[in-house]
Amino acid sequence: MELFELKEVIEETEADRRSWERKVQRYREELEPKAVDITKEKVAGGGVGRTIEDVMDSIIKAEIMAQRCKNMLDDYYQEVREKEEVYQKYNDRDKQIYVDKMFYKLNTAQMEIKYGLSKRQVNRIIKKMKKN
């Protein structure tokens, strides 16, 4: 997976983790006691609410999913560090050309003008960076 793709996956996984943590918070709020207004008339029926066991199961499942997201993020960050180490071997111009192509999605013509290189040179550098 390329760094740009990893960045997108990391953002999605981070959003999922935050979502699961919000669900845990919401479920915990369901467990808190609520005030009852005894001055109002009781209504017949009213449906059955969720039991404590159901809420606790939901909390546990949401916490497990949030932890899975955290573990996946750790793996992704490790992969990013490994890829960045590989890119450190190349000179700054080559890295910048690769970053412009992959992250900023510049086309070859724009990079030719920016760096003063030919189309073939730009493509060769990008191919070399992708290979490693």
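**Basis of the model**

Helices here are DSSP runs of H or I with at least four residues, numbered from the N terminus. The model is predicted, so local features need pLDDT of at least 70 and side-chain atom pairs count only at pLDDT 80 or more, while totals for chains, interfaces and linings use all residues. Residues are numbered from 1 along each chain as its sequence is written, and side-chain values use heavy atoms, without hydrogens and water.

**Helix α1**

Helix α1 covers residues 3-31 and includes Asp 16. Asp 16 is partly exposed at 40% relative accessibility (buried means under 20% relative accessible area, exposed over 50%, partly exposed in between, with a 1.4 Å probe and protein chains only). Among the buried residues of α1 are Leu 3, Leu 6, Val 9, Ile 10 and Tyr 27.

**Salt bridges**

The structure contains eight salt bridges (a side-chain nitrogen of Lys or Arg within 4 Å of a carboxyl oxygen of Asp or Glu). One of them joins Lys 70 to Glu 21, with the closest N and O atoms 3.6 Å apart. Because Lys 70 lies in helix α2 and Glu 21 in helix α1, this pair ties together parts that are 49 residues apart in sequence. Lys 70 is partly exposed, at 35%, and Glu 21 is partly exposed as well, at 31%.

Asp 94, buried at 4% relative accessibility, forms a salt bridge with Arg 93 (3.7 Å, N to O) and another with Lys 128 (2.9 Å, N to O). The latter pair links distant parts of the chain, with Asp 94 in helix α3 (residues 92-102) and Lys 128 in helix α5 (residues 119-131), 34 residues apart.

Note on methods:
Helices (H or I, at least four residues) and strands (E, at least two) are DSSP runs, numbered from the N terminus.
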